[in-house]
Amino acid sequence: MYQYDQYDQNMVDERVNQYRHQTQRYLDGTLSEEQFLPLRLQNGLYIQRNAPMLRIAIPYGMLRADQLRMLADISDQYDRGYGHISTRQNMQLNWVALEQVPDILEKLASVQMHAIQTSGNCIRNVTTDQFAGVAFDEVADPRPWCEVLRQWSTFHPEFAFLPRKFKIAINANTDKDRAAIKFHDIGLQIVKDAQHNIGFEVWVGGGLGRTPIIAEKIENFVHWQDILGYLESVLRVYNLNGRRDNKYKARIKIMVKALGIDAFRALVHKDLASRDQQQLKLTQHEIDRIHNCFTSPKYQISMTTLDSLTDITAINPGFRNWINQNITRHRTPGYAAVTLALKATGEAPGDITSAQMKLIANLADQYSFGELRTTHEQNMVLSDVRIEDLHSLWLALAESNLATPNIGTLNDMICCPGGDFCALANAKSIPIAKAIQEQFDDLDYLYDLGDIQLNISGCMNACGHHHIGDIGILGVDKKGEEFYQVSIGGHSQYKGASIGKILGPSFKSDQVARVISEIIDLYVANRTPEESFADVVIRLGHQPFKEKVYAKKAA
Amino acid sequence: MPKKLLKKGELHLTDIKTTGLVTTPPYMVSLEEWQAGETYQPEKIGVLIQADTRIEALDSLKPGFDFIGIQFNSFSDGRGFSFASQIRSILHFEGDIRACGELIADQIALLFKCGFSSIELPESLDEMQISEFVTPFSESYQSHLQSPAPLYQRVNR
């Protein structure tokens, strides 16, 4: 993975000093609340329901074992011994003290980490496929391009005070889109032209939040050398023309929708034409330098396949389930990618204790070349594990509640921190997740249901991505009481991306698990053997589901 | 309201009025007033432009002014950063571009990188404090006032 050179290291060291100074000026009254707000947000510091929350950047989800150990130490020393993986692959600490944040940043900087631009109206952490570099069907490794974008966007002087936040994701997979690029302000799909040059198909104006919109394609191909110039033009057009009168209409998606993609493209092209085209041209030297950080580890290639594990899986159903659910095929013979579930029943989805962090760091050193990844589904990944080692790894994980074999199932849900922590939330989301996980506690039944993405957001800001779940749950406030809207039919894949449709009036918290059961029952009763939940929703439409979940109320 | 002006790394106290004739220079008039063609005395005059102005509106900008002022009505409204960049890159204007209005010291370095050459700042800041804000970072990934090239073109990493 990327290693800082002196320029990168100076940048984060100097950032610690800058932020320490800003914090001091706030504490001594030189900076007003209003003036400090964007400065602390650009450093990921929110003032939440219980305490300040610090969001630490994990650029495109890549972590080294020593970095995870540092996160564990920080959460022990400055927080309450746990962290939370966010849907932008970052880590959030829920109980930090504002005046200690500069010290935390100093510790982060010592392991090449930071909290730069993890919030605020600026360019946020670039996200990508958690299996980047090891997945099949990849046009190119997206991580070097993510790093190029990280450096370009870090402290970009022109784009620190945009109308609203700005999120970019990159996908390089031709089969799957694990980065949900069509729901980003800018989505980049890596492609090759007829001469095999790497470039980007560019999508713009997607997003979730209170106005979910699927991005539109603005370019079929932008050559890699020109991508930064292109992004600068998009950002400049947005910075100058995006709405600033209403924060709910300030995202680029509203502007693209209002103008239409053709008029928006014309503005971008006009800005591009006015620029010196050489100025931001990426150089082969720089790309080679960054690519060299992402070379494959020293694999011990072998012909061992998952079939070699049948002796153990035959007698050990727990291990068998885990192999079936939590293992992803690796492009290198003899290796597998392993997803560690942070979704054990009863735990807040995405939460991880400091003890688990330390264990995972050790396991990464032992089994996966000292590297690991976070996922936007709020899990972690060891991407390069020898198939021979899977059983010993499983034993170690199972001891620490990290081997829950539910990846891809209904219980592997995306869930925001909700009303338990977040100051913006209208309703709690963690207890809803728990109630559903308890309702669906039969693993064999869960496996029989197949892949179903269930996403929960505690408010319409949609941090839990409820719009793009097969089943989405949204917390709403009705005169001080928490209610939940249920939608079905959302989908974030490249082909057929769609936004879920609300079934009808919202439900009380104690009804949600029952409603989900009814939706699932209807699916099971109507499916053919080949059909997934998503297929059945498309074939039947919403009406039968609607009738089913509201039938009892009428009676 | 008296403000301090930061220009080329130095602090100067200056009394700035946004529109109309005043007896002591420098002062500013709006773009509309400037283009309307009245004659102003003395000649040190700035043209104050609102951040929502289109760059095209400056195509026929009358010469003879001392500087272009870009108005920030709120420090968190970042349009001025892009506007100044455009004035440099599209109009190739090489004179003084001044950031005017409600700015905070933490924006000084960003403003200079986007092409501003002078900045109005609150009177409460003193010279000692200002120096910390001019170069918070010894390098930057992007281009800056001293160099039009981004880091990857500028140095051999």
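Predicted model: local features only at pLDDT ≥ 70, side-chain atom pairs only at ≥ 80, totals over all residues.
Entry 1: I looked up the space in the second largest pocket, which comes to about 1,100 Å³. I then asked which of the 39 lining residues are closest to the centre of this pocket. They are Lys176(A), Arg178(A), Glu377(A), Asp451(A) and Gln493(A).

**Entry 2: elements in the lining.** I checked which elements each supply at least two residues of the lining. The largest share is that of S11(A), with three residues.

**Entry 3: a helix pair.** I moved on to helix H3 (residues 65-78) and helix H12 (residues 354-367), both of chain A. Their axes lie 8 Å apart, and the packing angle is about 165°. Angles over 145 degrees count as roughly antiparallel, so I noted H3(A) as roughly antiparallel to H12(A). I recorded the crossing of H3(A) and H12(A) as left-handed.

**Entry 4: residues of the helix contact.** I listed the residues on each side of the contact. From H3(A) they are Ala65(A), Leu68(A), Arg69(A), Leu71(A), Ala72(A), Asp73(A), Ser75(A) and Asp76(A). From H12(A) they are Ser354(A), Met357(A), Lys358(A), Ile360(A), Ala361(A), Asn362(A), Ala364(A) and Asp365(A). I divided the residues of the contact of H3(A) with H12(A) by class and found eight nonpolar, five charged and three polar.

Key:
Residues numbered from 1 in each chain as written. Chains lettered and ligands numbered in written order. Heavy atoms only, no water. Axes fitted to C-alpha atoms, helices over the stretch in contact; angles between N-to-C directions. Helix = DSSP H or I, 4+ residues; strand = E, 2+ residues; numbered from the N terminus. Parallel < 35°, antiparallel > 145°, perpendicular 65-115°, else oblique. Left-handed = near helix turned anticlockwise from the far one by under 90°. Contact = heavy atoms within 4.5 Å. Nonpolar A, V, L, I, M, F, W, Y, C, P; charged D, E, K, R; others polar. 1 Å grid on protein atoms, 1.4 Å probe; cavity = no way out; pocket = protein on both sides within 12 Å on 5 of 7 lines; lining within 4 Å. Points joined across faces, edges and corners; volume = space filled by probe spheres on them.
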